[in-house]
Amino acid sequence: MDIVDIVDRESLEVWLKERSREDCAWIASRAAARVFPIWVKYCSENKSGNVATSPLLILRALLTSSVAATSIDDSISAALNAASQGARDAAEKAYDQQSAASDAANTAAYAANESTKTAEAVVFADRAFAGEGMWQQVRQDARILERAGEGLKFPLWHKENPFQEIWERQSKTELSPDTPYEFWRRWYDSLLNPDENPVFPDEMLKNIVQIRDETWLQGAESIASEIERIETKHRGVSNADLLIVRRLKRDISRLEERQAGLITSANGLSRALNTIYEEFQTVGDHQKVIKKDVDEAAARVNDAVSNFTSQYTELESAYQKKFDEALATYKANQALRAPADLWADKKEEHEQRKKLAYWLFLLGLLGVAGLSIGMVYLLSSSIEAFDTLFTPAGCDRTLNPELCNGFSFRGMVVAGCALTLLTLGLWFTRIQMKQFLAERHLALDARERCAFAQSYLSLLAQGDGAHDEAIDQRALVYAALFRPSSDGIVKDDGGVDPSISAALSKLLSGR
């Protein structure tokens with residue numbers, strides 16, 4: 001798990017699963033120590049003379065958990081339990097942030113014996129801090145452990161201390177040099193800034209933690225006397241010397257472990273060499289078998305490569321041929337696509353004109369028939385009117401029969417007009433009939449050419465022999481597609497023959 005993902009209790013517990021108990025105690029003690037000034041402020045504002053409401057029990061829990069971060073034995077475990085109980089008694093007297101600060105110290109003491117309590121101590125410290133920076137400090141502590149391998153001595157706050165003002169004010173009053181808390185002020189200053197304040201020897205701090213419970217319950221004065229005696233005993237011994245000794249002992253222990261491991265490895269190596277020597281004698285036979293297998297495999301590989309090469313050459317030739325055919329088909333398709341579309345359009349155009357000529361032919365035929373029927377009807381039903389129309393002017397078959405010989409000019413004009421109209425109708429009908437036949441002929445021709453072009457394109461797309469044959473017949477196809485078209489229009493329809501007999505003769509002859 002990455003350190004940047006440590007944002008709450010659950011993620012911190014996951015990260016601590018792979019850390020030692022000392023690392024867990026170090027994280028918890030530093031988190032609780034950061035909010036200690038809040039508890040000192042609370043004690044200065046609520047003085048009752050009771051040990052539970054003094055800074056002493058919380059200081060004991062903080063010191064014990066910090067000592068446990070370097071080494072834990074039975075005496076330290078007992079001191080942790082006692083310090084945790086005292087911090088719990090103090091928490092019951094406080095409230096809000098102060099209670100969270102004492103709970104953090106209490107849980108930090110427990111965390112030295114149980115790593116799951118470390119995250120809980122950080123949660124209490126975060127509650128007392130009432131800000132967003134506590135988890136940033138914890139992540140920075142985790143980076144120190146990842147980088148240095150152990151906590152060593154680093155400033156308590158990695159950035160600006162938000163409780164610096166409170167601590168300076170309380171260290172000058174409640175923890176001033178003339179009070180029993182003078183040692184505790186120096187010890188907390190060494191936590192805040194170990195570079196500017198002397199760090200106490202770990203052995204001395206361990207002796208302070210091991211002070212009997214009865215003495216702790218007697219109050220700060222009794223503890224101050226014991227601490228002064230212990231300081232006198234350890235005066236002249238620096239924490240750096242103790243740290244060097246502890247590191248030397250740890251290095252010697254590691255060297256002994258490595259020596260045992262090397263001896264075990266050497267014995268195993270000797271057995272392995274004996275096994276290798278025994279197996280080496282059979283390597284010659286295996287080598288011959290392997291060489292034979294390799295030669296056979298090489299022969300199979302050469303055959304496979306030869307077959308693959310020939311197949312690849314055949315496939316390449318086939319694909320090249322198909323590509324060339326596809327390219328030729330595409331070019332021919334592009335060359336004939338426009339003519340094919342042209343003949344398809346012309347077929348539709350001639351079909352439409354054929355239909356128009358057919359209906360006009362029927363209309364003219366019906367008109368001529370109607371005109372003829374009308375003339376017959378008038379001739380049969382109005383004989384007297386026709387007799388009057390065609391007789392000369394002044395004709396009276398009773399009084400002046402001699403005037404009835406000859407034709408009336410008016411009747412000739414009417415008859416001529418009627419015959420002319422009938423002749424025009426017959427001529428129009430004949431023209432539309434021929435137009436219908438011509439359009440039908442042109443539509444069939446256009447459909448034929450369109451089908452011919454599409455068939456040729458299909459032959460081009462088939463490939464192999466059909467494609468080659470179609471390419472060879474390209475000139476014939478183009479000649480057939482682009483030959484002149486006969487429109488079927490009759491050339492002798494130049495005008496109207498005024499003779500009804502000539503018109504009827506032409507209509508019946510079909511010329």
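Biologist: In which helix does Arg60 lie, and is Arg60 buried or exposed?

Modeller: This is a predicted model, and the values below are computed from it. Arg60 lies in helix α4. A residue counts as buried under 20% relative accessible area; Arg60, with a relative accessible area of 5%, is therefore buried.

Biologist: Which residues does Arg60 touch, leaving aside those up to four places away in sequence?

Modeller: Arg60 touches Ala79, Ala82, Ala83, Ile211, Asp213 and Trp216, with residues up to four places away in sequence not counted.

Biologist: What does helix α4 give to the largest nonpolar core?

Modeller: One starts with the core itself. The largest nonpolar core has 59 residues, and those touching the most other members are Phe36, Phe183, Trp184, Trp187, Leu205 and Ile208. Helix α4, residues 55-68, gives the most to this core, with seven residues. Phe36 touches Pro55, Ile58, Leu59, Leu62, Trp167 and Tyr188, again without counting residues up to four places away in sequence.

Biologist: How many aromatic pairs does the structure hold, and how is the geometry of the Trp157 and Phe163 pair read?

Modeller: The structure holds eleven aromatic pairs. The rings of Trp157 and Phe163 have their centres 6.1 Å apart and their planes at 70°. Planes over 60 degrees apart count as edge-to-face, so this pair is edge-to-face. Trp157 is buried at a relative accessible area of 7%, and Phe163 is buried at 8%. For Trp184 and Trp187, the ring centres are 6.0 Å apart and the planes stand at 90°, so this pair is edge-to-face as well.

Biologist: Where do Trp184 and Trp187 lie, and are they buried or exposed?

Modeller: The general idea comes from helix geometry. An α-helix has 3.6 residues a turn, so residues three or four places apart point the same way. Trp184 and Trp187 are three residues apart in helix α10, residues 182-192, and are thus separated by about one helical turn. Trp184 is buried, with a relative accessible area of 1%, and Trp187 is buried at 2%. Both belong to one aromatic cluster, which is formed by Phe183, Trp184, Trp187, Phe200 and Trp216.

Biologist: Which charged residue lies over the face of Trp157?

Modeller: Here one looks at the distance of the charge from the ring centre. Arg34 lies over the face of Trp157, at 5.8 Å from the ring centre.

Biologist: Which residues of helix α1 are buried, and how are they arranged around its axis?

Modeller: In helix α1, residues 9-16, the buried residues are Ser11, Leu12, Trp15 and Leu16. Seen down the axis of α1, these buried residues fall within an arc of 135°, so they line one face of the helix. Asp8 is found in the segment before α1 and is partly exposed, at 32% relative accessibility. The C-alpha atoms of Asp8 and Trp135 are separated by 7.6 Å, with the residues 127 apart along the chain.

Biologist: How many helices and strands does the protein have, and what percentage of its residues is buried?

Modeller: The protein has 20 helices and zero strands. Of its 511 residues, 36% are buried. Among contacts between residues at least 6 apart in sequence, 70% join residues at least 24 apart. The accessible surface comes to about 30500 Å², and 56% of that belongs to carbon and sulfur atoms.

How values were computed
Residues numbered from 1 in each chain as written. Predicted model: local features only at pLDDT ≥ 70, side-chain atom pairs only at ≥ 80, totals over all residues. Heavy atoms only, no water. Core = buried A, V, L, I, M, F, W, Y, C linked by side-chain atoms within 4.5 Å. Buried < 20%, exposed > 50% of the residue type's maximum accessible area, 1.4 Å probe, protein only. Helix = DSSP H or I, 4+ residues; strand = E, 2+ residues; numbered from the N terminus. Contact = heavy atoms within 4.5 Å. Areas by Shrake-Rupley, 256 points an atom, 1.4 Å probe, with all protein chains shown as cover. Arc of directions from axis to C-beta. Phe/Tyr/Trp six-rings, centres within 6.5 Å; stacked < 30°, edge-to-face > 60°. Lys NZ or Arg CZ within 6 Å of the ring centre and 35° of its normal.
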